[in-house]
Amino acid sequence: MVWQNDVCSVILAAGSGRRICSEKPKIFREVLFKPLVNLVFENCKKAKIKEICFVCAGDGLGVLKGYFKEEASYVIQEEKLGTAHATAQAVPFLKASGKKDVLVLLADVPFIDAQTIEDAYFVHKKRENDVTVIAATLQNPFGYGRIEYANDRIKIVEEKDATDTQRAIKQVNSGALWFNVSALLAILERVDNKNASGEYYITTAVNLLTKTGCYLAEDANIILGANTNEQLLTLNEVAKDRVISYHSCNGVEFLSKDGVMIGADVKIGKGTQIFPGVTIKGSCQIGEDCVVTSGTFIEDSNIGDNCQIKSSYIESSVIACGVSVGPFAHIRAGCEIEDGVKVGNYVEVKNSYIGAKTKIAHHNYVGDCSVGFGVNLGCGVVVANYDGEEKHKSKIEDDVFIGCNSNLIAPVTIRRGAFVAAGSTITENIEENGFAIARARQETKPNYKRKRKGQ
Ligand code: UD1
Ligand code: CA
């Protein structure tokens, strides 16, 4: 039988996050674009713990249910009276689940990974502990519960209650605790709030239990919490460094770590070069041997091999191989761009299909349009898709050439091989291989001399 069948988890997520000075509840603040609480939940899922219960504030319930739906249970903590009080709200869940052990996690401690959870569990079982504290040694332990050892037992002292000697202790409580459920249920009622904060601490429950122990994490970074904005920044830096190291080991070339923010779910092929100041977030796949230069922002998009993405913004789109984008282009949601396309500087493309080898090279807007193979849109060509009330779709077939500064007023279809003269405003369809010119004829007046003042 797998060990996960014997366990469940309670995630404490009801705190107010006063110290973070933000309107947004702390547990929804993000590390590498993911809310803290989602990271904690993902770790639990990766450890294959099936029964998970959130203890949340009334106003956080809707958001949490929106994220995790039926994958978790939810209980509300009406008043924030401390971490033991929060855990006590999950007693009915613990009794109903009938599991032997519970992992209590804090929603503001996002890096306790699946391997640590599992390793700590086996230490917990081997020693038959009532509680096993996942701990680490921090150079700056400020704010964390310090761990003292006496007569084979541990005692956790919170920052506010610690003496100077205790504050000097560097071994700290991560907040992630494996409890024997019966031991926890028996002790919770005995936890009081006689401490500097007047809160019911879960760490007091640890201090009241007999068989206590620690699992010391080797990488101290995994226990970092997010109590202040500065700590949140540190978490982002740690996460960012990890992601960059991971991709570096897999053959991605970073010129610098400066300003590079890559989401944990992003995939990047080997040989791809990433300049400083690049953001790639959400569900993205970047191919091999691409170059992504500074200022680029890519979200929820797939990009093939050998692409050049120069200081551009790309959202919810699919780009094939050998495509050149930018500098300073904007590929908005819903674009599909085929092999060898060039989308040049100051170009915006939205909700459009662009066939292979097409060139949209300078100062263009292409919206709600299907563009074929080998098309050339001259400088400043605009597909005017909006009539002030509705958006309309247009079609430009293969091998069409559209001269500079032309406007295509949607809906309009330009058939294969057609040619549009520069400066035209096209309002009607053009047949295959047709030539359209839609501009006023030039008039030149002879012997015209501009009169100057005083002449
Ligand atoms: C806690 C631990 C401390 C540990 C540190 C690790 C206690 C008493 N202290 O301190 O030993 O080193 O985490 O980061 O447990 N919460 C509720 N309801 C409440 C209070 C808190 O759900 O009434 C939730 C919060 O949303 C938060 C978590 O519990 O996610 C931790 O609470 P917080 O106040 O941040 O505890 P710390 O002071 O950081
Ligand atoms: Ca905390």
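Tutor: Two strands pair if DSSP finds at least two bridges between them; strands are DSSP runs of E, at least two residues long, and helices are runs of H or I, at least four, both numbered from the N terminus. This is a predicted model, so local features need pLDDT of at least 70 and side-chain atom pairs pLDDT 80 or more, while totals for chains, interfaces and linings use all residues. Residues count from 1 along each chain as its sequence is written, chains are lettered from A and ligands numbered from 1 in written order, and side-chain values use heavy atoms, without hydrogens and water.

Student: How many bridges join β4 to β5, and in which sense do the two run?

Tutor: There are 4 bridges between β4 and β5 (residues 73-76), and the strands are parallel. Phe54 has Tyr74 of β5 as its bridge partner. β4 also pairs with β1, again parallel, over 6 bridges, and there Leu12 stands opposite Val55 of β4.

Student: Why is β4 called largely enclosed?

Tutor: Buried means under 20% relative accessible area, exposed over 50%, and partly exposed in between (1.4 Å probe, protein chains only). In β4 (residues 51-56), 5 of the 6 residues are buried, so the rest of the structure largely encloses this strand.

Student: Now ligand 1. How many residues surround it, and which are closest?

Tutor: A residue belongs to the surroundings if one of its heavy atoms lies within 4 Å. Here 25 residues do, with Ala14, Gly15, Gln77, Glu158 and Asn173 the closest. β1 (7-13), α3 (83-88), β10 (171-180) and α8 (202-208) each give the shell at least two residues.

Student: Which polar contacts reach the oxygen atoms of ligand 1?

Tutor: A polar contact to a ligand is a pair of N or O atoms within 3.5 Å. A backbone N or O atom of Ala14 is 2.8 Å from a ligand oxygen, a polar backbone atom of Ala107 is 3.4 Å from one, and a side-chain N or O atom of Asp108 is 3.1 Å from one.

Student: What are the protein donors of the calcium ion?

Tutor: Donors are N, O and S atoms within 2.8 Å of a metal (3.2 Å for Na, K and Ca); water is absent, so sites may look incomplete. For this calcium, ligand 2, they are Asp108 (OD) and Asn227 (OD1), 2.2 to 2.3 Å away. The two sit 119 residues apart, Asp108 in the loop between β6 (101-106) and α5 (114-126), Asn227 in that between β11 (212-216) and α9 (229-249).

Notes. A polar contact is a pair of N or O atoms within 3.5 Å; within protein, one must be able to donate a hydrogen and the other to accept it, and residues adjacent in sequence count only if both atoms are side-chain atoms.
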